[in-house]
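Here is a short report for a reader new to this structure. Look at the sequence and the model first, then read on.

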Amino acid sequence: MDFGGKVVLITGGSRGIGRSIAEEFARLEGTVIINYNSNEKAAEETIRRIESLGGYGLSIKGDVSSYSFAQNMVETIINKFGKIDVLVNNAGIAKIGIFIDMVEEDFDKVLNTNLKGTINISHCAAKHMLNRKTGSIINISSMWGQVGASCEVLYSASKGGINAFTKALGKELAPSGIRVNAIQPGVIDTDMNSWMSKEERESLEMEIPMMRFGTGEDVGKLTVFLASDSAKYITAQVITVDGGFI
Ligand code: NAP
């Protein structure tokens with residue numbers, strides 16, 4: 001696999017899974033643009049890592065839930081690089097708690113970031129991909145989008161939406177040479193799970209057949225495969241990487 005000369009946009013690429021995905025593309029010589037929302041230091045560190053791995057990196061700050069930001073970001077990239085070959089919709093947030101305790105602001109935040117954010121950036125990038133009749137979109141979903149999680153109801157709903165969006169858009173764009181797939185990870189060792197106590201973490205690990213949390217690299221390796229020509233007949237699919245959990 002080689003991404004030399006390819007332009008890759010990763011939303012939420014400053015930390016966690018997005019950073020690992022950025023590193024995998026950088027190892028394969030991609031031009032990697034990472035988007036992030038607020039943590040500038042983390043974004044700078046990711047750019048440093050991309051460059052030390054031999055890739056070219058650029059960071060763009062902004063909120064994926066805003067359509068006008070999505071338009072501006074995609075236009076900036078097209079003006080600078082002329083194209084987007086790979087879009088990874090990875091930006092996401094979780095909201096843990098009982099459904100009945102959630103308020104309208106929580107509904108909006110989780111759904112607008114995870115689901116609408118994915119729709120926003122895909123809508124803007126797909127226009128350019130359609131002109132070139134090539135491109136790959138990979139959406140980072142979650143196993144909870146398939147099976148649902150108690151105390152993560154809004155999150156599960158947003159990820160279930162991403163799964164349906166992926167299957168539908170994949171079918172619509174396939175005749176135009178654009179592939180759309182999703183990855184649904186299990187529990188991955190990032191800041192998103194840092195709220196767990198040592199005991200909670202150990203007990204959750206025991207529920208996973210592989211008896212460990214996944215790593216960002218586990219997701220990153222699958223992402224570059226799906227973006228590559230090795231996966232050229234794969235589209236409209238949701239692929240699980242969860243150590244056998246679900
Ligand atoms: P993380 O460590 O919390 O990182 C989240 C990333 O998303 C950060 O780069 C953050 O930017 C960015 N982000 C958040 N809201 C944003 C917004 N409105 N606009 C732009 N960027 C935004 O999370 P993670 O664990 O790596 O998760 C990444 C993706 O994988 C998410 O979609 C998540 O749902 C999914 N996932 C995670 C797990 C898991 O167990 N960790 C499992 C399944 C699926 P800042 O740094 O600026 O905050």
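## Salt bridges

The model holds 14 salt bridges. A salt bridge here is a side-chain nitrogen of Lys or Arg within 4 Å of a carboxyl oxygen of Asp or Glu. Side chains of opposite charge can pair when their charged atoms come close.

This is a predicted model: local features need pLDDT of at least 70, side-chain atom pairs count only at pLDDT 80 or more, and totals for chains, interfaces and linings use all residues. Residues are numbered from 1 along each chain as its sequence is written, and side-chain values use heavy atoms, with hydrogens and water left out.

Aspartate 191 pairs with arginine 15 in a salt bridge, at 2.7 Å from N to O. The two are 176 residues apart. Aspartate 191 sits in the loop between strand E6 (178-185) and helix H7 (198-207). Arginine 15 sits in the loop between strand E1 (7-10) and helix H1 (16-27). Helices (H or I, at least four residues) and strands (E, at least two) are DSSP runs, numbered from the N terminus.

Aspartate 191 is partly exposed at 47% relative accessible area. Arginine 15 is partly exposed too, at 39%. Buried means under 20%, exposed over 50%, partly exposed in between (1.4 Å probe, protein chains only).

## Within helix H7

Glutamate 202 and lysine 198 form a salt bridge, with the closest N and O atoms 3.3 Å apart. Both lie in helix H7, four residues apart, about one turn of the helix. Glutamate 202 is partly exposed at 40%. Lysine 198 is exposed at 59%.
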